[in-house]
Amino acid sequence: MTALGPAERAVLLAFADDEHLMGQRHTEWIGVAPFLEEDLAFASIGQDELGHAAMLYELVIADLSGETPRAEAVDALAFRREPADYRSCWLVEAACTEWASALVRHWLYDTAEALRWGELAGSSDEHLRAIAGRAMSEERYHLRHADALLDALAGDADAGARIAAALTEMLPLGVALFDEPLGSDGAVESVVGRPLAALAPEWRAAVDRRFGQREWATVEPVVQDGRTLRSAPFETVYADMREVIMLDPDATW
Amino acid sequence: MNVYEVFLKKQGKDEFRHVGSLEAANDELAIVLARENYVRRAEGELMWVVDRDHVLVGDEEFIAPNADKPHRHNDGSLVAERRRAGRAGSDESDESGAM
């Protein structure tokens with residue numbers, strides 16, 4: 001296994017945090033999605049994202065300790081850091097309480113995610129390659145799901161207006177997904193491929209194909225400062241996801 | 001929304017079996033949603049999703065008369081009886097031949 005340096009770990013930890021928060025946010029639709037079948041499908045996608053986060057956290061920890069990853073170490077990384085130590089992007093932190101926003105965010109995020117995994121699938125690190133292979137097989141379904149819903153809604157004027165508004169709301173967060181996390185400079189190319197920021201043009205082209213040509217110059221990315229700043233909605237999702245573990249922080253699970 | 005019927009088949013000789021139904025806006029969504037609603041835990045390897053409107057339904061009255069034809073329930077007992085009787089008959093003729 002290729003040793004991951006601090007820069008590679010910074011990249012993978014930020015990706016793991018994105019997956020973790022995305023999964024957490026998707027699961028908030030359990031019981032309140034627009035219809036029963038979608039309820040289950042969307043929660044499953046969230047569950048997949050949480051699985052990706054766990055695999056990435058384990059990889060980051062295994063490399064640090066050089067030992068078998070321990071569940072507690074993954075939990076510590078996932079749930080016990082201070083907000084300032086998370087490296088999630090604001091797109092995944094957003095609350096998206098409207099279904100249109102949640103659906104548009106789902107498409108924007110999974111399109112970016114598929115590009116990232118595609119890049120990591122070419123890594124020289126065999127564990128990372130294996131994780132990427134599994135994740136890619138799931139991403140094909142996630143994207144098909146998002147596209148199928150958007151296609152079905154495309155003919156409806158009300159739905160179209162809601163989706164357009166959601167896209168305007170989400171794009172400044174979406175473009176900021178490609179902000180490199182603090183400390184990722186000099187990530188070894190053979191381990192994580194190109195800087196993940198280099199995938200932004202492909203992502204923008206995909207957005208144009210899906211939603212029509214955008215005026216990208218007018219999309220002002222939110223400022224995340226190397227992903228060290230948390231957005232306002234983070235506070236509540238942070239409290240929610242830690243609710244059980246913080247009932248008794250010293251409990252043995 | 002249309003109603004779709006979902007069928008799954010496991011590997012091997014098992015036939016496709018009806019596992020349930022779902023509502024979806026179109027065929028593509030039906031396939032996508034059937035996967036997460038019915039094959040979450042490897043319940044099957046092959047999946048059929050059928051628009052309920054495409055299922056041909058036979059009238060109950062049309063089918064009913066066939067409920068009362070016990071002679072078509074062949075459990076093999078009549079044939080077995082005849083064969084036993086036949087064997088007994090040939091044994092008798094063997095004995096008579098020896099006489």
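## Two chains, two shapes

Q: How does the radius of gyration of chain B stand against that of a compact globule of 99 residues?
A: This is a predicted model. A compact globule of 99 residues would have a radius of gyration near 13 Å. Chain B has 26 Å instead. The box around its C-alpha atoms is roughly 85 × 35 × 15 Å along the principal axes.

Q: Why is chain A said to agree with a compact globule?
A: The rule puts a compact globule with 253 residues near 18 Å. Chain A has a radius of gyration of 18 Å, so the value agrees. Its C-alpha trace spans about 55 × 40 × 30 Å along the principal axes.

Q: What makes up the secondary structure of chain A?
A: Chain A has ten helices and zero strands. Read from the N terminus, the order is α-α-α-α-α-α-α-α-α-α.

Q: What makes up the secondary structure of chain B?
A: Chain B has three helices and three strands. From the N terminus, they run β-β-α-β-α-α.

Q: Why is A:Gln24 called buried?
A: Buried means under 20% relative accessible area. A:Gln24 has 16%, so it counts as buried. A:Gln24 sits in helix H1, residues 6–27 of chain A.

Q: Which residues does A:Gln24 touch, leaving out those up to four places away in sequence?
A: A:Gln24 touches A:Leu50, A:Val237 and A:Met241. Contact here means heavy atoms within 4.5 Å.

Q: Why is A:Ala157 called exposed?
A: Exposed means over 50% relative accessible area. A:Ala157 has 68%, so it counts as exposed. A:Ala157 belongs to helix H7, residues 157–176 of chain A.

Q: How far apart are the C-alpha atoms of A:Ala157 and A:Gly186?
A: They are separated by 47 Å. Along the chain, A:Ala157 and A:Gly186 are 29 residues apart.

Q: What share of each chain counts as buried?
A: In chain A, 53% of the 253 residues pass the test. In chain B, 17% of the 99 residues do.

Q: How many residues of chain A are in contact with chain B?
A: 13 residues of chain A are in contact with 14 residues of chain B.

Q: How much area do chain A and chain B bury between them?
A: The size of an interface is often given as the accessible area lost when the parts come together. Chain A and chain B bury about 1,200 Å² between them. Carbon and sulfur atoms account for 64% of this area. On the side of chain A, A:Glu37, A:Tyr141 and A:Arg144 lose the most area to chain B. Together they make up 43% of what that side buries.

Terms used: Residues numbered from 1 in each chain as written. Chains lettered and ligands numbered in written order. Predicted model: local features only at pLDDT ≥ 70, side-chain atom pairs only at ≥ 80, totals over all residues. Heavy atoms only, no water. Helix = DSSP H or I, 4+ residues; strand = E, 2+ residues; numbered from the N terminus. Rg over C-alpha atoms; globule rule 2.2 N^0.38 Å. Buried < 20%, exposed > 50% of the residue type's maximum accessible area, 1.4 Å probe, protein only. Buried area = accessible area lost by both parts, 1.4 Å probe.
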